[in-house]
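Please walk me through this structure. Start with the chains and end with a single residue.

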Amino acid sequence: MTKVKNKGVRRRIWTLPYHLMLLPGILFLLVYHIAPMFGSVIAFQDFVPAKGFFGSKWVGLENFKFMFQLPDTWSILSNTLIIAVSKIVFNLIFAVLFAVLLNELRHLWLKKAIQTIAYLPHFLSWVILATIFRDILDPSGLVNTVLMNLHLIQEPIFFLGDNSWFQGVIVATDVWKEFGYSAVMFIAALAGVNPELYEAAAIDGAGRLRRIWHITLTCIRPTIVLVATLNIANIFNAGFDQIFNLYSPVVYASGDVIDTYVYRAGFVSAQYSLATAVGLMKSIVSFLLIIVSYKLADRFAGYRIF
Amino acid sequence: MVEYKSWENRIFDTVVLFILLLMTVICLLPLLNVLALSFSDKQAALAGEVGLWPVNFTWSSYEYLVADSRFFAAFWVSTKRVILGGGLNLILTLLMAFPLSLEKKEFPSRNRYMWLVVFTMLFNAGLVPWYFVIKYTGIMNTIWALVLPGAVPVFNVILLMNFFRGIPKALKEQASIDGVGALGLLFKIYVPLSLPAIATVTLFSVVGHWNNFFDGMLLINSPEKVPLQTYIQSLVVRISDLSQNNLTAEQLTEKMSQRTFNAAKIVVSAVPILAIYPFMQKYFVKGITLGSVKE
């Protein structure tokens, strides 16, 4: 008896330092991550900030019903999906293309220089980049001036103020910012490919394109599958920072997405409960998508993040 | 190999090089344009004459900027948040990654903590409740509103935890026998062996703090306490929210004449990122691939 008890006590003393090390971080997570989850109950209330999370009048599913009756709901949902999925697809295509081409380059210093430049935009904020793009995509900006001088267009295009252009501009500028950085995973995967494979294929008479197809792309296929799978989690993330800094009321029809809508509903028109309801729906769906994507990534690529 | 010298290969190499250079140039053009604008004469910018090279080179935008006290107040707020926020991020990341990297038999509660940490990463509580929790904890409109809510960078914790797991167990066992405690293990054995990984996560959190405009916009009301990105956002982006057609001729001229000045602000606000970028590049490739270790 005493022996068992002693063992238990010793164990607790041994792990105490670990608990103490985790304590401050866990406290921060409880206050700023877990408490807001419970705060989501205001989606089922008619929330009045002064009364706190549990003091306002309960209204059941009223906010959710209202949400599905809003005329904008479906356009916001489709904008979100179209923008997010196009970003995922085009980023993947350009990242793979970039990594494959870079792999064909033999000058090491040139390779380094190109990578350095291509990764850079990822680290600049959308505030800075949106300011730049607003300037060069302006009707009197650089892009329109060049297109006019080349006589490719007769009238300047209002890229950020025209619903037929806006989504395309959002996707293109996002690919511009992220393709280099997205390629890092593929470049790392290619670094592990045995160069003898290429030599053997060359001796067998395979041309450059055939070698790219059969060796390079085959070797990074698991990574492509992995990245695509993990991106399933992002099909509701159209990119708040970017859209918020580039859009304007003129292009709400094509550019308003869930995150920007939640922001405006909550903090411009103070419909706190409605905004929470919309956000909660998105969180739940995103959560399920992440679980699905991790399960798939584990099954197909043996990938585990934790 | 002989075939490397064939004309087919030369054409192929040229095409590859051409496409890569095109991609690189497209990456650089917008950045070069803003740099050129910031050194150009106001009138030239107004007439849309500035491309990639300054027209009528002048320092006047930067001289104007030096006199702008609000810009420097905001710059200082951002610097403070990077130091406080980045420091807190680093300490908490180290303290959490170590116990979480242990085996279940060494630390039986490890999995329970892990679930909590992972859950906070996977499930986002939503903007509005998050905002009110911050409001109710009374840190609104202070620098702490920019530091405390993101005190634990969960993704970084997991990255570093994965790295710690790759450190040979023998080292830890030897140190334990020598009577080194948990903190000693972390700071004397794990930290010195993980400097590249620690550099990676630190750079990620520093860049994140520097680039964040959103929390400053939502949580800070006093103009003098606003961080740099929020300040630039309020200045440049919100003003041009008025669509082109609704602007009067005067407003349009006013907006356009700010162009070179705004360009200078953009350039200066990107300088800290550019300054740490070479260090960052050395490490982040490792950092990204670190996340995908197979167990």
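The paragraphs below go from the chains to a helix pair and then to one residue.

This is a predicted model, in which local features need pLDDT of at least 70, side-chain atom pairs count only at pLDDT 80 or more, and totals for chains, interfaces and linings use all residues. Residues are numbered from 1 along each chain as its sequence is written, chains are lettered from A and ligands numbered from 1 in the order in which they are written, and side-chain values use heavy atoms, with hydrogens and water left out.

Begin with chain A. It holds 14 helices and two strands. Helices (H or I, at least four residues) and strands (E, at least two) are DSSP runs, numbered from the N terminus. The radius of gyration of chain A is 26 Å, well over the 19 Å that the globule rule gives for 306 residues, so chain A is more spread out than a compact globule. That radius is taken over C-alpha atoms, and the rule is 2.2 Å times the number of residues to the power 0.38. Along the principal axes, the C-alpha atoms of chain A fill a box of roughly 75 × 70 × 30 Å.

Of the 306 residues in chain A, 50% are buried. Buried means under 20% relative accessible area, exposed over 50%, and partly exposed in between (1.4 Å probe, protein chains only). Chain A exposes about 15,100 Å², and carbon and sulfur atoms supply 68% of it. Accessible areas come from the Shrake-Rupley method with a 1.4 Å probe; for residues, only the protein chains shown count as cover.

Now chain B. It has 15 helices and zero strands. Buried residues account for 50% of its 295 residues.

Next, a helix pair in chain A. Helix H3 (residues 73–104) and helix H7 (residues 163–182) of chain A pack at about 40°, with axes 8 Å apart. Axes are lines fitted to C-alpha atoms, for helices over the stretch in contact, and angles run from 0 to 180 degrees between N-to-C directions. The contact (heavy atoms within 4.5 Å) includes A:Phe90 and A:Phe94 of H3(A) and A:Val171 and A:Phe179 of H7(A).

Last, which residues does A:Thr15 contact, leaving aside its neighbours within four places in sequence? They are B:Glu106, B:Phe107 and B:Pro108. A:Thr15 lies in helix H1 (residues 2–39) of chain A. Its relative accessible area is 8%, so A:Thr15 is buried.
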